[in-house]
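Hi everyone, thanks for coming.

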Amino acid sequence: MALNVTQKLIKSHLLSGKMEPGEEIGIKIDQTLTQDATGTMVMLELEAMGIERAKTEASAQYVDHNIIQEDSKNPDDHLFLQSATRRFGLYYSRAGNGVSHPVHMQRLAKPGKTLLGSDSHTCANGCMGMLAIGAGGIDVAMAIAGEPFYVKMPKVWGIKLTGKLPDWVSAKDVILELLRRHDVKGGVNRVIEYYGPGLKELDAMDRHVIANMGAELGATGTVFPSDEEVKRFLKEQGREEDWIELVADGGATYDVEEEINLSELVPLIAKPSSPGNVVPVSEVAGEPIYQSYIGSSANPGYRDFAIAAEIVKGKRIAENVSFDINPTSRQMLTDLVKESYIASLLQAGARLHQAGCNGCIGMGQAPATGRNSLRTTPRNFPGRSGTREDSVFLCSPETAAASALTGVITDPRTLDMKYPKVKGPKNPTIDDKLLQAPLPPEEAKKVELVKGPNIASIPNMDALPNELEVPILLKVGDNISTDEILAGGARVLPYRSNLPEISKFTYEIVDETYYSRAMDIRHQGGHAIVGGFNYGQGSSREHAALAPRYLGLKVVIVKDFARIHWQNLINFGILPITFVNEKDYDKLEQGDVLQIKNIRQTIQEGNELTVTIKDKGHMFQVRHTLSERQVDIMLKGGLINLVKDKPEPFFIEV
């Protein structure tokens, strides 16, 4: 049977289940990636589970999110992370080395391997012929311990690329085109696989740009073949020996098929406040801007900065525009300096920030109230920038640079200049010191974990009760993101290792009273949340499940869930169920009290439950899609409880 690349990757790592769409499969994980906003909890989970040493081929902890050191919390936690990587046998990348995804691509990514990361944009490394998937932190902790990763077998969505990108159009416009066509739910339960003659027009970092924002489509992952371009990239990084060819068999088919003719694309832009709100730049041209921001994991390549530098070279950006340059790795920044591109940007009036996620996650560079911000970042969810009433547009480096010059949103094709042609650096930097290598096992055992005062243990969690009588504390609409459930940014993320403190920010963007109301009834049986479609889209941060759980959340009833958040709810013992009849959503109001009986037996014997609205006499049906393994997790009250109660040895050799 002819196989596509995704099927080859899954088949070679399959440990349990059948490769039939919708069936739960368990796959072997070769590599893991954690970042500091999620990794602190992962390291605490490894400690709680008694792990001696990582059982993966390579696991890396990056410090790229929480790099603003306005007090001791972030640097204290960085010391903890460094000590934990030494203790458990992981690579460590310190603050200033760069964003996890491009650094991992440069130093560790290998074609033919699987990568699981506690960051939703882990899928970016699918550009290297890998199966790269974002997940909640505890799933990554389990993978580090040698356990399989469980996921529903996705459909494979084949995107045939033809043609060649026109001048002033780049890789960002390719993924924005897919979002324009399908919005933020288009890739749910799918892996997106790119193929076709247009591939030869995209270099490895262009593919990274496209793969990265597969997360914005809700996709399980994005896969590119490992071809001569991947070989060229690895050779440039001094790692040619890590290359293998991995391409689709002749005659391979896809569950869903589509074509993008690169030659027909135009500069595109996602309007506030969703990555799926995409229109041609020409439709919004002329809107004044306050900020133009270049960088992030969604445009991390050398050419992304170099093209912007060429556009503004010898010119001056518009008055009252903040032109923010956010390099994505120390190695890349070195090359940009050597080739004088940073000088061109600075002379034009740009502000240079340290290599890291920075403004993408709300860590600095917040825009002014009521002003437009153009960003090459992957997301523009409400408030994510750090400004509550923000107005963030997502675009390519070409559009961002052109608009910085004019002071208004500008279609770059209208600039009075030829499209600059950018080549790679003459002598690319190879910085193999970006990652601190793991200690040998005997040395690692002697390492003591360094815990600052901000680290708090995860509280004990009760098992799933047999009956629930809980009020609807919050009713929300469609496409609620994890940024809205629990924001990132400089105010919030420093508390990621302190659950009682970080929970105070839960749902503040949607309802400032949620925290106090939840605390008032926390010990009176808890509460429920009701939502619409695509609940929990966006970041993989498990704190968006952990914090509401700490506040007493017992059940979430929605029209449908985003994949990663659905799994995070299960991992922490919150029952995720969906309406059988979506019209029942309209009959529920905040404050209604819901009754669900005989839960434990019912979820083991079937997938439907009956919910009664107390004092209203109305009943409706809901369903769960838990596997038998996930039912066991729910009954125990979460994955941590399941691990604690399992007889030794729990962790399997794979």
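This is a predicted model: local features need pLDDT of at least 70, side-chain atom pairs count only at pLDDT 80 or more; totals for chains, interfaces and linings use all residues.

Okay, let's start with a loop. Asn 189 sits in the one between helix H6 (171–182) and strand S10 (190–195). Is Asn 189 buried, exposed or partly exposed? It's partly exposed, because its relative accessible area is 41%, and that falls between the 20% and 50% cut-offs. If we skip its neighbours within four places in sequence, Asn 189 touches Pro 154, Lys 155, Gly 218 and Thr 220. Asp 227, on the other hand, is 38 residues from Asn 189 along the chain, with 26 Å between their C-alpha atoms.

Next up, helix H7, residues 204–212. This one is mostly covered: 9 of its 9 residues are buried, including Met 205, Arg 207 and His 208. Look at the start of H7, too, where Asp 203 has a side-chain oxygen within 3.1 Å of the backbone nitrogen of Met 205.

Last stop, a helix pair. The axes of H10 (residues 302–312) and H13 (residues 397–406) come within 9 Å and cross at roughly 30 degrees. That's under 35 degrees, so we call the two roughly parallel. Their crossing is right-handed. Among the residues making the contact are Ile 307 and Ile 311 of H10, and Ala 401 and Leu 405 of H13. Overall, that contact has 8 nonpolar residues, 3 charged and no polar ones.

Definitions and conventions: Residues are numbered from 1 along each chain as its sequence is written. Side-chain values use heavy atoms; hydrogens and water are left out. Buried means under 20% relative accessible area, exposed over 50%, partly exposed in between (1.4 Å probe, protein chains only). Helices (H or I, at least four residues) and strands (E, at least two) are DSSP runs, numbered from the N terminus. A polar contact is a pair of N or O atoms within 3.5 Å; within protein, one must be able to donate a hydrogen and the other to accept it, and residues adjacent in sequence count only if both atoms are side-chain atoms. Axes are lines fitted to C-alpha atoms, for helices over the stretch in contact, and angles run from 0 to 180 degrees between N-to-C directions. Angles under 35 degrees count as roughly parallel, over 145 as roughly antiparallel, 65 to 115 as roughly perpendicular and the rest as oblique. A crossing is left-handed if the near helix is turned anticlockwise from the far one by less than a right angle, and right-handed if clockwise. Contact means heavy atoms within 4.5 Å. Ala, Val, Leu, Ile, Met, Phe, Trp, Tyr, Cys and Pro count as nonpolar, Asp, Glu, Lys and Arg as charged, and the others, Gly among them, as polar.
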